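Here's a quick tour for anyone new to reading protein models. Have a look at the sequence and the structure, then go through the points below.

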Protein chains: 2
Amino acid sequence: VILIGELLNSTRKKVRAALEAQDAAFVQDLARRQAEAGVNFIDVNTGALLDREIKAMEWLIHAVRAVTDCKLSIDSPNADVLAVGLELAGPGTMINSISAESKRYESVLPLALKHNAAVIALGMDDAGLPQDEEKGFEVIARLIERLEGDGVRREQIFADPLVRPAGADTRIPSVVLNVIRRVRAAFPDVHISGGISNVSYGLPARRLLNRTFLALCMSQGLDAAILDPLDGHLMGEIAAAEVLLGRDAYAMNYIALHRSGKLEEVS
Amino acid sequence: VILIGELLNSTRKKVRAALEAQDAAFVQDLARRQAEAGVNFIDVNTGALLDREIKAMEWLIHAVRAVTDCKLSIDSPNADVLAVGLELAGPGTMINSISAESKRYESVLPLALKHNAAVIALGMDDAGLPQDEEKGFEVIARLIERLEGDGVRREQIFADPLVRPAGADTRIPSVVLNVIRRVRAAFPDVHISGGISNVSYGLPARRLLNRTFLALCMSQGLDAAILDPLDGHLMGEIAAAEVLLGRDAYAMNYIALHRSGKLEEVS
């Protein structure tokens with residue numbers, strides 16, 4: 001699985017405080033630990049800083065770049081922030097996110113093309129969040145086709161079916177699993193990603209739901225995820241699922257993880 | 001998921017020693033704790049006692065029946081042992097197991113019919129263990145149809161695709177998952193069960209592989225399992241998977257488990 005570390009997000013209180021106070025040591029520690037945990041991208045989000053978001057993103061990227069070369073995922077609803085982040089972060093950067101909403105699509109597409117960036121493509125359009133499997137699949141499929149038609153290469157697209165809380169309606173996770181399965185069948189070469197922890201919002205014992213859901217999503221074809229890479233149980237479950245889905249030949253990675261001691265506390 | 005507790009198995013050293021020594025307190029403790037953990041059946045296996053197996057089964061069932069009314073699963077390759085166990089255990093007993101091997105089928109079928117017993121139906125025939133998905137599905141499908149043709153009701157059949165070690169060949173778990181999916185599609189009303197812990201044989205951090213595999217099997221349609229009900233992580237993962245697969249409306253069971261404190265150590 002392609003891992004996108006979610007911890008440098010300004011909606012988290014401590015991260016927001018560190019951004020306000022320009023506490024470089026705090027954000028650098030989180031960046032370093034996520035990189036060491038093996039993430040492919042570190043997500044950086046400064047949205048909670050509102051009108052100071054651009055300055056905050058500049059500061060955050062400089063701070064992170066001082067300690068790691070790990071690729072970044074620039075996470076903002078604001079295309080100007082994405083533009084600044086992409087300039088600073090260097091090649092191989094990911095955009096979080098584009099969607100089929102007209103305004104968002106039109107403002108983010110040029111950035112994706114200019115920087116040859118990977119894009120998280122959220123399955124929603126101007127009609128809002130699709131509620132059922134049929135509509136959910138249709139919106140994502142059209143978005144993928146449109147991105148390709150506009151010049152984004154298939155392997156740069158990370159389709160995201162928008163994981164929503166199971167607590168609101170326990171039929172929701174099955175809808176997401178079915179959308180993943182259909183997107184995988186229709187588009188074998190795109191990546192499929194998701195913000196896994198949304199599934200447990202409002203329920204107790206969230207980490208248990210999150211890791212179980214990630215394994216289920218992987219079995220339907222998800223191959224990327226935005227998650228907490230410092231959660232040893234979650235990382236263990238990913239490694240186990242890779243073995244069980246035939247994606248870790250001879251279980252070599254799993255056995256190596258075990259030898260490194262990382263599975264001890266979780267098994 | 002219909003739970004079959006696996007702990008009273010004579011291949012486990014301590015259980016075998018307790019059977020040899022007729023240590024009723026030991027086996028009764030294991031029976032009681034499995035029943036309290038919520039199993040639907042307690043598996044009883046005395047195979048390691050060899051020529052004393054019948055006597056051992058009689059003693060074991062008497063010992064267990066003194067502390068719990070939980071249904072039993074009589075587990076033996078020997079039809080004479082099954083016959084004795086079924087007489088002693090009372091109504092609702094499960095037979096572990098029948099298969100499409102001629103000798104086994106012919107010796108066990110009359111017992112299933114006489115006692116109106118549930119049967120674990122192993123997907124193997126006189127040609128041995130099927131190695132690929134096609135053959136694996138075919139053998140189980142034929143066995144289910146034959147059992148039904150011979151008078152076993154569909155809801156009494158627990159089809160078992162024979163979980164084998166992933167360590168031997170990491171393609172194996174995918175074959176099992178695909179067989180489960182096809183059996184579920186072709187026979188919506190049969191139960192599908194499996195000896196989950198076999199998947200991790202020979203690999204490290206076994207419990208992590210076991211519980212992840214169980215969640216994946218459930219997503220393909222497995223609705224019963226032979227397992228260790230005292231493994232809190234495993235039981236937690238089952239509860240989480242039930243929520244995520246839409247089988248726990250409003251997450252009521254999950255929330256109740258959390259309130260009872262059972263999810264605390266595992267999340």
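**Starting point: one residue in chain B**

I140(B) has its place in helix 6 (residues 133–149) of chain B. Helices (H or I, at least four residues) and strands (E, at least two) are DSSP runs, numbered from the N terminus. Keep in mind that this is a predicted model, where local features need pLDDT of at least 70, side-chain atom pairs count only at pLDDT 80 or more, and totals for chains, interfaces and linings use all residues. Residues are numbered from 1 along each chain as its sequence is written, chains are lettered from A and ligands numbered from 1 in the order in which they are written, and side-chain values use heavy atoms, with hydrogens and water left out.

**Around I140(B)**

- I140(B) counts as buried because its relative accessibility is 2% (buried means under 20% relative accessible area, exposed over 50%, partly exposed in between, with a 1.4 Å probe and protein chains only).
- Who does I140(B) touch, leaving aside its neighbours within four places in sequence? I140(B) is in contact with G123(B), A159(B), D160(B), P161(B), V179(B) and V183(B), where contact means heavy atoms within 4.5 Å.
- Between the C-alpha atoms of I140(B) and G151(B) there are 17 Å, and the two residues are 11 apart along the chain.

**Two helices side by side in chain B**

- Helix 7 (residues 172–186) of chain B packs against helix 8 (residues 206–220) of chain B at an angle of about 30 degrees, and their axes are 8 Å apart. Axes are lines fitted to C-alpha atoms, for helices over the stretch in contact, and angles run from 0 to 180 degrees between N-to-C directions.
- That makes helix 7 of chain B roughly parallel to helix 8 of chain B (angles under 35 degrees count as roughly parallel, over 145 as roughly antiparallel, 65 to 115 as roughly perpendicular and the rest as oblique).
- On the helix 7 side of chain B, the contact is made by P173(B), V176(B), L177(B), I180(B), R181(B) and R184(B). Helix 8 of chain B brings F213(B), L216(B), C217(B) and Q220(B).

**Rings that pair up**

- How many aromatic pairs does a search of the whole structure find? There are two over all chains. Rings of Phe, Tyr and Trp (its six-membered ring) pair if their centres lie within 6.5 Å; planes under 30 degrees apart count as stacked, over 60 as edge-to-face and the rest as tilted.
- In chain A, F41(A) and F158(A) sit edge-to-face, 6.5 Å centre to centre with 80 degrees between the planes. F41(A) is in strand 2 (residues 41–45) of chain A and F158(A) in strand 6 (residues 157–160) of chain A, so the pair ties together parts 117 residues apart in sequence.
- F41(A) and F158(A) are both buried.
- In chain B, F41(B) and F158(B) form an edge-to-face pair too, with 6.5 Å from centre to centre and 80 degrees between the planes.
- F41(B) is buried, and F158(B) is as well.

- A cis peptide bond runs from N96(A) to S97(A), with omega near 20 degrees, and S97(A) lies in strand 4 (residues 94–100) of chain A.
- N96(B) and S97(B) are also joined by a cis peptide bond, and omega is about 20 degrees.
- L162(A) has a positive phi, near 60 degrees, and is a residue other than glycine. L162(A) is buried, with a relative accessible area of 15%.
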